[in-house]
2 protein chains.
Amino acid sequence: MYVKILYIELMNFNLKHPLCFLLILFSAQLQAQAQKKYVMVIHGGAGTILKKNMTPEKEAAYVAVLKQALQVGYDQIHSGKSSLDAVEASIHVMEDSPLFNAGKGAVFTHDGRNEMDAAIMDGSNMAAGAVAGVTVIRNPISAARAVMEKSEHVMMVGPGAEAFARQAHLEIVDPKYFYTRERWDGLQQAIKEDSLKAVLDHGSKKSMKLGTITKDYKFGTVGAVALDQAGNLAAGTSTGGMTNKKYGRVGDAPIIGAGTYANNATAGISCTGWGEFYIRNVVAHDISAMMEYKKVSLAVAAKAVLEKVGKMGGDGGLIALDRRGNVTMPFNTEGMYRGTVTADGKIEVLIYK
Amino acid sequence: MYVKILYIELMNFNLKHPLCFLLILFSAQLQAQAQKKYVMVIHGGAGTILKKNMTPEKEAAYVAVLKQALQVGYDQIHSGKSSLDAVEASIHVMEDSPLFNAGKGAVFTHDGRNEMDAAIMDGSNMAAGAVAGVTVIRNPISAARAVMEKSEHVMMVGPGAEAFARQAHLEIVDPKYFYTRERWDGLQQAIKEDSLKAVLDHGSKKSMKLGTITKDYKFGTVGAVALDQAGNLAAGTSTGGMTNKKYGRVGDAPIIGAGTYANNATAGISCTGWGEFYIRNVVAHDISAMMEYKKVSLAVAAKAVLEKVGKMGGDGGLIALDRRGNVTMPFNTEGMYRGTVTADGKIEVLIYK
């Protein structure tokens, strides 16, 4: 297998000299043998996350929840359960924590509501499920999975999606459940800045826009990608969207191909960032397509696609795991809450660059 | 340019012999010179469209509206306006006609409502806009364009999208405007078949599903792709979704990358068919990615991607136009309402295989 993979990679670099080929083959084979096999990767959002703004307590709290999310997902895979089970279980931990912008702790819309989106995809059969604009489902990722498994649809939005979730016996909560003081204060701050901005921009073309995006209020999605013992990939993403969002705005998280995608032939991907740019670039599918059609590695494809987002003016990050257990977690922001667990159970969590 | 294109295509077929290369080059060059340049392509939905079920009057009515939609779009391009203008104007004609499942004539949801979705994309800068689940906007394609041009968002759903449309001064109508007797009867028929099916399926695994899809009630989307004098591509799609749909189901039409996509580097694409399969296969973007990364022609890519949909059990069709004015309109159903107009203004309309 190494020979085949290496040959393809060498072809891309046009290093066709037989001696060169053998040399690289030998060293890369040694490297591949030593390479870790990752079974799960998660993120808790990218954005302006700077060490100087973080207290040791807050940092420890984030690290603890990320570790717990990885442990829970690892336990599923280790016990022989599916990558879908691992992704769902891991995202539950982050949705249930007030620290992340998903489930409990979701940001508020302009109208003071918590409107959440989520998607999940099964790389083994390319089945997918997504919900958008839901307000009473405790774990939106489970609603996405129910859409995939208990209906013939892929996407459901708003009150219709909630009616489906009730009939699928998912846990329904009072919208107050999602309230956190920090997110509420965040909305008040955003509204204040927004009205200030509107005054400053008075008469300019910018202020004519009905839906403007306030910098640094656009991040915080959570996501997970897992590879199970059967070799199946799954990816999931869950988010509260953007603080102060209006007009039923939907970002990339619940859009299959944009924020979430999984395909056993290539990789599983979950994105976080300025969703509009991720939709326009069909980021998650573009990484998969580049791997499939251009025969480049996961890391090369992910880097190239994130560069497209950056060139267009967008920012954020993503996590991706391929069918051989290679992982990549690029981002073009100050930081991204992220972590991995390898087949031996070793957990690693990172926050800054 | 021909040399470069041909060389790339030959590489894919591994026909590297110099003589073979020259021979094919010569014949293909002659062919290319004679090839028509299409400036616009439209569809009015794919499905079980059989000549034996069609009256001459009904057929003439469809042909007339398709020709009008093409003429209106052509006039925009011919007068120097943008491909976006052409796509919007052309889709207006089909949205305003009760014959197609978009705007006036949209199918009914299970609850007896008309919930519409639309998307538009500008291939010159990859800007995009989409709305889903809107019930009072006369022309959903214009709402999608307003989201793209008058907000920083890409997608808005439900009442939020309608509030935005009002503020953007789009035409708002009473939901009754969308009523047609034929679609209402279609819903009653679907509900009857559904309850019959539920009885027949009683106790089987299938009947446990909450959202099932009734065959032949899933089609009828409209779409347009145009290439303007500046060489810019644009694509748009508008739909009433699926008769008897429940739970706020959203199909592929408003999903950028699935049912709608445009990129000047490759092509503009608009899809129609069993939306769930189009979302899972990220159809429109997959065609573009295959052209970009695998260096295959528009027709080869579109055929390959539609085959993926078919293999998974999905059906439908699509229209696509590349930056050189090549067009392809594959479908794996009995028929697809479709038409083209070339740079010289010649209109062609087709319905059956």
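**Reading the interface between chain B and chain A**

Reader: Which count is there between chain B and chain A for residue pairs in polar contact, both at pLDDT 80 or more?

Author: This is a predicted model, and between chain B and chain A the count is 19 residue pairs in polar contact, both partners being at pLDDT 80 or more. The count of salt bridges between chain B and chain A is zero.

Reader: Which elements of chain B supply the side that touches chain A?

Author: At least two residues each come from several elements of chain B, among them strand S3 (127–134), helix H5 (140–150), strand S4 (155–157), helix H6 (158–167) and strand S7 (249–250). H9(B) gives the most to this side, with seven residues, and the residues of the side of chain B that touches chain A divide into 27 nonpolar, 11 polar and 12 charged.

Reader: How should I read the size of the interface, and what area is buried between chain B and chain A?

Author: The size of an interface is often given as the accessible area lost when the parts come together. Here the area buried between chain B and chain A is about 4,400 Å², with carbon and sulfur atoms giving 62% of that area. B:Glu152, B:Tyr247 and B:Tyr293 supply 20% of the area that chain B buries against chain A, which is more than any other three residues supply. The contact itself takes 50 residues from chain A and 50 residues from chain B.

Reader: In which sense do strand S7 of chain A and S4(B) pair, parallel or antiparallel?

Author: Strands of a sheet pair through backbone hydrogen bonds, either parallel or antiparallel. Strand S7 (residues 249–250) of chain A pairs with S4(B) in the antiparallel sense, over two bridges, and B:Met155 in S4(B) is the bridge partner of A:Val250.

Reader: What is the order of the open sheet of nine strands?

Author: With mixed pairing, the order is S7(A)-S4(B)-S3(B)-S2(B)-S6(B)-S5(B)-S1(B)-S12(B)-S13(B). The edge strands, each pairing on one side only, are S7 of chain A and strand S13 (347–352) of chain B. H6(B) packs on the sheet, where it touches S3 and S4 of chain B, and its direction makes about 120° with that of S3(B). H5(B) lies across strand S2 (116–122), S3, S4 and strand S6 (233–239) of chain B, and runs at about 135° to S3(B).

Notes. Residues numbered from 1 in each chain as written. Chains lettered and ligands numbered in written order. Predicted model: local features only at pLDDT ≥ 70, side-chain atom pairs only at ≥ 80, totals over all residues. Heavy atoms only, no water. Contact = heavy atoms within 4.5 Å. Buried area = accessible area lost by both parts, 1.4 Å probe. Salt bridge = Lys/Arg side-chain N within 4 Å of Asp/Glu carboxyl O. Polar contact = N/O pair within 3.5 Å; in protein donor to acceptor, adjacent residues only side chain to side chain. Helix = DSSP H or I, 4+ residues; strand = E, 2+ residues; numbered from the N terminus. Nonpolar A, V, L, I, M, F, W, Y, C, P; charged D, E, K, R; others polar. Pairing = 2+ DSSP bridges. Axes fitted to C-alpha atoms, helices over the stretch in contact; angles between N-to-C directions.
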